[in-house]
Amino acid sequence: MTSTEAAAIALQDHAALWSVGEIRAFDVVHAACDALVAGLDTPGLRILAACTRAEADYDVHELLPEALDELGLTFYPATSDAGREHAARALARRMLAGELTPRELTSRMHQRFGHELPLTERLAELDDEYDVLEYDNGTVDQVDAEVTAEARRLAAHPHVRAGQIADPW
């Protein structure tokens with residue numbers, strides 16, 4: 001994977017996580033800056049990357065859809081199942097990268113999506129399992145291993161493929 005592909009994936013993930021309230025708007029601006037440094041460059045991406053912390057909360061919702069579109073990426077509305085699923089996959093990738101523990105992943109999935117999103121149902125169930133470990137014969141290590149396997153399954157879904165990023169010029 002090239003650095004531009006990795007930057008596009010990171011930007012798409014940040015957009016999905018922001019749309020479900022998992023990260024702040026300025027985190028999206030930071031991902032836009034990283035995308036520029038990696039070699040992605042469109043007018044909308046430059047404008048998004050130029051937002052200050054103070055402007056981000058007000059401007060990202062208007063600037064992000066255009067910046068993603070220019071790159072051939074998708075903006076998911078917060079209420080769309082596809083957006084929620086992409087956010088879930090992004091959280092799984094964050095856990096696999098060491099940014100979250102397995103317990104934190106299940107807790108966030110359960111809080112964000114409950115038992116209503118079929119894609120994350122098993123992780124919500126595993127969050128419940130963490131809660132009853134003291135009454136059960138299971139161990140934290142066993143549940144962690146199941147969470148990790150489930151995160152790998154979610155993260156394995158294709159997200160941005162070579163050639164999907166639009167040529168901005």
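Helices (H or I, at least four residues) and strands (E, at least two) are DSSP runs, numbered from the N terminus. Ala10 sits in helix 1 by that definition. This is a predicted model: local features need pLDDT of at least 70, side-chain atom pairs count only at pLDDT 80 or more, and totals for chains, interfaces and linings use all residues. Residues are numbered from 1 along each chain as its sequence is written, and side-chain values use heavy atoms, with hydrogens and water left out.

**Overall fold**

The protein chain has 8 helices and 0 strands. Along the sequence the pattern reads α-α-α-α-α-α-α-α. The radius of gyration is 17 Å, close to the 15 Å that the globule rule gives for 169 residues, so the protein chain is as compact as a globular protein of that length. That radius is taken over C-alpha atoms, and the globule rule is 2.2 Å times the number of residues to the power 0.38. Along the principal axes, the C-alpha atoms fill a box of roughly 60 × 35 × 25 Å.

Contact means heavy atoms within 4.5 Å. Of the contacts in the protein chain with a separation of 6 or more, 61% are between residues 24 or more positions apart.

**Surface and charge**

Buried means under 20% relative accessible area, exposed over 50%, and partly exposed in between (1.4 Å probe, protein chains only). Of the 169 residues, 44% count as buried. The accessible surface comes to about 8700 Å², and carbon and sulfur atoms hold 51% of it. These areas come from the Shrake-Rupley method with a 1.4 Å probe; for residues, only the protein chains shown count as cover.

The protein chain carries 14 positive and 31 negative charges, and their mean positions are 2 Å apart. Lys and Arg count as positive, Asp and Glu as negative; His and the chain ends are not counted. Each charge is placed at NZ of Lys, CZ of Arg, CG of Asp or CD of Glu.

Glu22 is in the loop between helix 1 (3-19) and helix 2 (25-38). Glu22 counts as buried because its relative accessibility is 14%. Leaving aside neighbours within four places in sequence, Glu22 touches Leu17, Leu91, Arg108 and Arg112. Both arginines also make polar contacts with the Glu22 side chain.

Thr42 lies in the loop between helix 2 and helix 3 (43-49). Thr42 is buried, with a relative accessible area of 1%. Its side chain has a polar contact with that of Glu70.

A polar contact is a pair of N or O atoms within 3.5 Å; within protein, one must be able to donate a hydrogen and the other to accept it, and residues adjacent in sequence count only if both atoms are side-chain atoms. The distances follow.

| Side chain | Partner side chain | Polar contact |
|---|---|---|
| Glu22 | Arg108 | 2.8 Å |
| Glu22 | Arg112 | 2.7 Å |
| Thr42 | Glu70 | 2.6 Å |

**Partly exposed residues**

Ala10 counts as partly exposed at 30% relative accessibility. Ala10 and Glu22 are 12 residues apart in sequence, and their C-alpha atoms are 14 Å apart in space.

Thr139 is in the loop between helix 7 (121-131) and helix 8. Thr139 is partly exposed, with a relative accessible area of 36%. From Thr139 to Glu129 the C-alpha separation is 9.7 Å, across 10 residues of sequence.

Ala145 belongs to helix 8 (residues 140-155). Ala145 is partly exposed at 48% relative accessibility. The C-alpha atoms of Ala145 and Pro102 are separated by 8.4 Å, with the two 43 residues apart along the chain.
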